[in-house]
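Please look over the sequence and the fold shown here before reading the report that follows.

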Amino acid sequence: MLSERVYAHVRGAIMRGDYAPGDALKPQDLAQEQGVSLAVVREALVRVVGDGLADRLPNRGFAVPAFSDRRWQELAEARRTVEPVVLRMSVERGDVGWEAAVRAAHHRLARTPAFVPEDGEYYSEAWSEAHRVFHRTLLEGCGNPVLLETFDRLWAASELARRWSAHRGPRRDHAAEHRGLEEAALTRDADAAAERLVRHLTLTATGLTEPAPGS
């Protein structure tokens, strides 16, 4: 499907940093570049807006979100409000199949390099996907698809900010943070799991508002 191809192209370009914060996404240029109609491009851009990776501006078309500490802090606040509650439900309701899925998702994440030469200073595509799957799997034990859809939307909207945070603020021990989340979930310690998730999300938000080391 043409719109799917254009959507994947634009989403990937934004996530790779091909566009700077606030850059315009020009339908005519994209249509010419991709060899498709303006209608196809607009359909794809609307989907990117739905992911939280672009803004639709009145009378001005589409643009990559401008970098705003307030914007990302609001996303972080939403995630800190929703995800720990869903994780508690997941810990309480998850079955043996959920436990196995959490362990497998963590194993994949731990074995996937966060950085590879071809992706430069950004997190690798493979690590980013393993990271998403691990966090979503932690919550899937809740058994509530509406809550999981909410997580999907919040995750997509915050993904660009998280990538930008790769080179802002102090380096973190992501491996230890994720290992702690896995351990708390699988020992069925809902309080510890929720507390560790809040801290994990808070560190990400803090990294977005702190200057890069040495700056």
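Is Thr137 buried or exposed? Thr137 is buried, because its relative accessible area is 6%, where buried means under 20% relative accessible area, exposed over 50% and partly exposed in between, computed with a 1.4 Å probe and the protein chains only. The residue is found in helix H6, which covers residues 125-140, and, leaving aside neighbours within four places in sequence, Thr137 is in contact (heavy atoms within 4.5 Å) with Trp98, Ala101, Val102 and Ala105.

This is a predicted model, in which local features need pLDDT of at least 70 and side-chain atom pairs count only at pLDDT 80 or more, while totals for chains, interfaces and linings use all residues. Residues are numbered from 1 along each chain as its sequence is written, and side-chain values use heavy atoms, with hydrogens and water left out.

The protein has nine helices and three strands, taken as DSSP runs of H or I with at least four residues for helices and of E with at least two for strands, and numbered from the N terminus. Starting from the N terminus, the order of the elements is α-β-α-α-β-β-α-α-α-α-α-α. Of the 215 residues in the protein, 46% are buried, and among contacts with a separation of 6 or more, 72% are between residues 24 or more positions apart.

The three strands form an open antiparallel sheet in the order S1-S3-S2, where two strands pair if DSSP finds at least two bridges between them. Strands S1 and S2 stand at the edges with a single partner strand each, so one side of each is left without a neighbour in the sheet. Two bridges join S1 to S3, and Leu25 stands opposite Phe62 in S3.

| Strand | Residues |
|---|---|
| S1 | 24-25 |
| S2 | 55-57 |
| S3 | 61-63 |

Helix H3, residues 38-50, has 13 residues that should span 18 Å at 1.5 Å a residue, and its end C-alpha atoms are 18 Å apart, which agrees; the expected span is 1.5 Å times one less than the number of residues. In H3, the residues Val40, Val41, Ala44, Leu45 and Val48 are buried. They cover an arc of only 130° around the axis, which puts them on the same side of H3, the arc being that of the directions from the helix axis to the C-beta atoms. What covers these buried residues includes H1, S1, H2 and S3, whereas the face of H3 turned away from its buried side carries the exposed residues Ala39 and Gly50. Just after H3, Gly52 takes a positive phi of about 80°.
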